[in-house]
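Biologist: I would like to learn how to read a protein model. Can we go through some features one by one?

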Amino acid sequence: MRRLLENISRLPLVGFLRERWKGERSGVRLLLLLIMAASACWLVFGMKPWINGVKAAEAAGKDMRATMPFVVDGSYYAAGFNFVVAGLLLAGVRWLARPCGDVPGGQGEKRGLGRAGWIALWASVVLAAGVFARYAAPRLTYSLWVDEETTARQLIFGNYARVDARGKGNLFGERVVVKPVSWSETVWFFRTPNNHPFFSMTARASHTLVSKISPPAPLHFREWPLRLPAFLAALGTLGVLAVFLVRLGFPSAAMIVPLLVALHPWFVRFGSDARGYSLAFLFEAFCALMLWRALQNGRWRYWSALAVFQCLLVWSHPSGVYFLVALNLWGFLAPWVWKPALPRDEALARNGRLFLASSVSAMLFIQIFLPNVLGYNYRLQEIGEEVIDAQMARMGWEKIRNMLTWFAGGSAWSGFDDPEHPFSFTLPGRFGGVTPGLMLFLVAVAVVFGFGVGHFWRRGGAVRWFVLVLLLPAPAMY
């Protein structure tokens, strides 16, 4: 192998590229070349839409609930798109990957923690994790509910079916078996948008591993392995959030905020829920931390990590794109409002690297998720525009009010009372009506949130404009 690599390095083309692409831009150029090469290989050697895609499957009368025709179409179109985009980025590397220096003493660094401070910080995070576990851990063994059950049945565990003595499906068969789902269905089945693919993959891996170590009774499964990735992601979120606040220059808040988050009903619910929301929390925190560190010192490792975490965020839950829009808007603005002011070349370098990182992240996501989009679009065409219009008609003041009270107290304002379900109640129902206690609670939440936004605003510079990330995603999603 060593001799082979030495021989390759002596090739004239390799020598030319090495001489032509000296410096830190060479790694970026190599990555983009690899993306172009992989895309070209898929376009040439991969399955073709006109042979194995959706139109061909329809013409052959195949079951359109299968995922592979959409995988063929989506992967092929995504490869063509990524080949072109990677080529354009490669042509612009000279401007997008400019040299980017450190800015010691910049925003956030002057309020760092010493050794004792970091010990106190992690002690507070452990306390917050313990409080969260106290409320969330018992929920891990609850029965699956609505979307959780759909996720387990369609994407992870499979369906129960009766079969005859020959193993053929038979409604009156004497045996009940589990009809498993394939990994392609776990990753790409999206006829209903219940699939949060990266969570479904981790939940299936967790369930499979636990079942091999300690097999359940025949035809049984355990709920807690399905929810374990969400639970662990929630615990990780508390730590990443604390580190981010320290790096941002708020060490005191870093010791308090994780506990407040751990107590929030929404965080407790989704941190023990067999869906992708908790993973989205974790990757949002990682994205914010990696972007801030990249803005501070410009190192490629942080830009690379940002690209990976952005892709994982929207792969865990597609609605994360609204957070990323706000985060990238702040990331492009931050170098121009930095305190102390950055040189123009440093600001442009950071903008270019953010554009590169987000573009690579988008290419990765499009490659792995376009099959899901095509499958869901096919389903929308099946159910018709009338159903879609009826769904959209439900958006209004009631939805806005419910969104605000979900944020404030983890429960809707109206429309979710269910006497037969102990965990389905509205916020007024929890307080026994629209009482003074409820109004006092809402005012307190608004004051705390306003205090936090004001604290960011008073800091000035790039930190001030982080309020865009706090305020824009919810109205953008609506």
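**Helix faces, salt bridges and a patch**

Modeller: Start with helix H3. Its face turned away from the buried side carries the exposed residues Leu34, Val44 and Phe45. Buried means under 20% relative accessible area, exposed over 50%, and partly exposed in between, with a 1.4 Å probe and protein chains only. Helices are DSSP runs of H or I, at least four residues, numbered from the N terminus. This is a predicted model: local features need pLDDT of at least 70, side-chain atom pairs count only at pLDDT 80 or more, and totals for chains, interfaces and linings use all residues. Residues are numbered from 1 along each chain as its sequence is written, and side-chain values use heavy atoms, leaving out hydrogens and water.

Biologist: Which residues of H3 are buried?

Modeller: First the general idea. An α-helix has 3.6 residues a turn, so residues three or four places apart point the same way. Now the case. In H3, Val28, Arg29, Leu32, Ile35, Met36 and Ser39 are buried. Down the axis of H3, these buried residues fall within an arc of 125°, so they line one face of the helix. The arc is taken from the directions that run from the helix axis to the C-beta atoms.

Biologist: How far does H3 reach from its first C-alpha to its last?

Modeller: The expected span is 1.5 Å times one less than the number of residues. H3 covers residues 25–45, which is 21 residues, and reaches 30 Å, close to the 30 Å expected.

Biologist: What should the 13 residues of helix H21 span?

Modeller: Helix H21 (residues 397–409) should span 18 Å, and its end C-alpha atoms are 18 Å apart, which agrees. The buried residues of H21 are Asn402, Thr405, Ala408 and Gly409. Their arc around the axis is only 125°, which puts them on the same side of H21.

Biologist: Which helices do the buried residues of H21 pack against?

Modeller: They pack against helix H15 (265–270), helix H22 (427–430) and helix H23 (436–459). Contact here means heavy atoms within 4.5 Å. Just after H21, Gly410 takes a positive phi of about 80°.

Biologist: Next, charges. How many salt bridges does the count come to?

Modeller: Side chains of opposite charge can pair when their charged atoms come close. The rule for a salt bridge asks for a side-chain nitrogen of Lys or Arg within 4 Å of a carboxyl oxygen of Asp or Glu. By this rule the count comes to 5. One of them joins Asp147 and Arg275, with the closest N and O atoms 3.2 Å apart. Asp147 lies in helix H9 (residues 147–156) and Arg275 in the loop between H15 and helix H16 (277–297), so the pair ties together parts 128 residues apart in sequence.

Biologist: Is Arg275 buried or exposed?

Modeller: Arg275 is buried, with a relative accessible area of 10%. Asp147, at 23%, counts as partly exposed. Arg275 also meets Asp273 in a salt bridge, 2.7 Å from N to O. Asp273 is buried too.

Biologist: Which residue forms a salt bridge with Arg350?

Modeller: Glu346 does, with the closest N and O atoms 2.6 Å apart. Both lie in helix H19 (residues 344–383), 4 residues apart, about one turn of the helix. Arg350 and Glu346 are both buried. As for shared partners, salt bridges join Asp147, Asp273 and Arg275 into one network.

Definitions and conventions. Helices (H or I, at least four residues) and strands (E, at least two) are DSSP runs, numbered from the N terminus.
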